[in-house]
Amino acid sequence: MGLSVVARGTLKERIRLAFAMVDADKSGALSKGEVIKMLLRLADAGEALSCLNTKSSERAEQEQRLSDITAFVDRVFDRFDVNKDGELQIDEFERAVRESEAFGELEKKLTLRAK
Ligand SMILES: [Ca+2]
Ligand SMILES: [Ca+2]
């Protein structure tokens, strides 16, 4: 019992931390734009390490990535924006992190970077 409470508390803390980092305007909810911007920033950081020799197709790749990310965010909001106000509140975000693998990855990356 004690251990599981600690583990749950830790995940909740990490989710809150990730939420606060994505919520750039501190409105207490995540807009699609905020989520897309954060995913793009993470994708850029990954790119800098892994693909140093992709100059010619860079532009096409960036556009492809933006449309991939936008489609992903649309799907996430369709599924997890329960009250349909167009933004993710903390409880909706928490569910998204727990139930969506890709969002779990995002939360992991954000909290790793926060250290
Ligand atoms: Ca916001
Ligand atoms: Ca909502």
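The stops below say what to select and what is there.

**Whole protein.** Keep in mind that this is a predicted model. Colour the protein by secondary structure: it has 5 helices and 2 strands. Followed along the sequence, they come in the order α-β-α-α-β-α-α. Of the 115 residues, 17% are buried. Among contacts between residues at least 6 apart in sequence, 62% join residues at least 24 apart.

**The core.** Next, select Ile15, Val35, Phe93, Ala96, Val97 and Phe103. These belong to the largest nonpolar core, which has 15 residues, and they touch the most other members. Now show the helices that supply this core: H1 (2-22), H2 (32-50), H3 (58-80), H4 (90-99) and H5 (101-114) each give at least two residues to it. In soluble globular proteins, nonpolar side chains tend to be buried together.

**Phenylalanine 93.** Select phenylalanine 93, which lies in helix H4. Is phenylalanine 93 buried or exposed? Phenylalanine 93 is buried, because 25 other C-beta atoms lie within 10 Å and 20 or more are enough to count as buried.

**A distance to check.** Finally, pick the C-alpha atoms of phenylalanine 93 and alanine 18. The two residues are 75 apart along the chain, and these atoms are separated by 9.6 Å.

Key. Residues numbered from 1 in each chain as written. Chains lettered and ligands numbered in written order. Predicted model: local features only at pLDDT ≥ 70, side-chain atom pairs only at ≥ 80, totals over all residues. Core = buried A, V, L, I, M, F, W, Y, C linked by C-beta atoms within 7 Å. Buried ≥ 20, exposed ≤ 12 C-beta atoms within 10 Å, placed from the backbone. Helix = DSSP H or I, 4+ residues; strand = E, 2+ residues; numbered from the N terminus. Contact = placed C-beta atoms within 7 Å.
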